[in-house]
Amino acid sequence: SQSESSIDERLRAICELLEKEITYYNWVGFYFKNGDKNELKLGPYVGEPTDHIIIPFGKGICGQVAISNQNFVVPDVSAQDNYIACSITVKAEIVIPIFVNGENIGQIDIDSNTPNPFNEEDERFLEFVCEKVAKLIA
Ligand code: SME
């Protein structure tokens with residue numbers, strides 16, 4: 001079985017690859033359910049450091065996805081009321097949940113400095129990435 005550090009290294013490598021290869025993916029990170037608590041905790045990421053290590057369920061785009069179990073594509077973050085800003089350069093965000101045995105255990109969160117950059121191809125691709133991540137951490 002994989003050690004925890006090895007899993008985190010692999011998750012960070014996935015973040016690095018996505019941020020490097022896709023020009024409009026500018027911050028790429030994972031949030032995971034924090035034990036039994038109704039909150040998310042920041043996992044491996046690349047991009048600007050964020051103050052938002054813990055996000056309560058329901059709060060921000062990430063916290064909403066923790067409850068809705070649905071993809072959340074935000075073409076324009078300035079139009080969102082329930083949004084947690086990490087950087088003033090961010091224009092758009094996409095969050096895709098990660099399911100293990102049908103349970104929403106976390107998510108991949110991507111910020112873009114380009115307005116309205118995400119389409120259905122990003123959703124399908126990131127769903128595929130999340131399925132691979134689910135197998136890695138299960
Ligand atoms: N913008 C997110 C918070 C996480 S940062 O983007 C890294 C949100 O509204 O939930």
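Which residues come nearest to the ligand? Of the 15 residues around the ligand, they are Gly-60, Ile-61, Cys-62, Ile-84 and Cys-86; a residue counts as near if its C-beta atom, placed from the backbone, lies within 6 Å of the molecule.

Colleagues, please note that this is a predicted model, in which local features need pLDDT of at least 70, side-chain atom pairs count only at pLDDT 80 or more, and totals for chains, interfaces and linings use all residues. Residues are numbered from 1 along each chain as its sequence is written.

Let me stay with the ligand. Helix 2 (60-68) supplies the largest share of the shell, four residues, and strand 1, helix 2 and strand 6 each give at least two. Helices (H or I, at least four residues) and strands (E, at least two) are DSSP runs, numbered from the N terminus. By class, the shell has seven nonpolar, five polar and three charged residues. Ala, Val, Leu, Ile, Met, Phe, Trp, Tyr, Cys and Pro count as nonpolar, Asp, Glu, Lys and Arg as charged, and the others, Gly among them, as polar.

I turn now to strand 6. Seven of the ten residues in this strand (residues 103-112) are buried, so it is largely enclosed by the rest of the structure; buried means 20 or more other C-beta atoms within 10 Å of the residue's own, with C-beta atoms placed from the backbone.

Strand 6 pairs in the antiparallel sense with strand 1 (residues 27-33) over six bridges, where pairing requires at least two DSSP bridges. Here Tyr-31 is opposite Gln-107. Strand 6 also pairs with strand 5 (residues 92-100), again antiparallel, over nine bridges, and Glu-93 faces Asp-111. Strands 5 and 6 form a hairpin with two residues between them; in the turn, Asn-101 has a positive phi of about 50°.

Note on methods
Buried ≥ 20, exposed ≤ 12 C-beta atoms within 10 Å, placed from the backbone.
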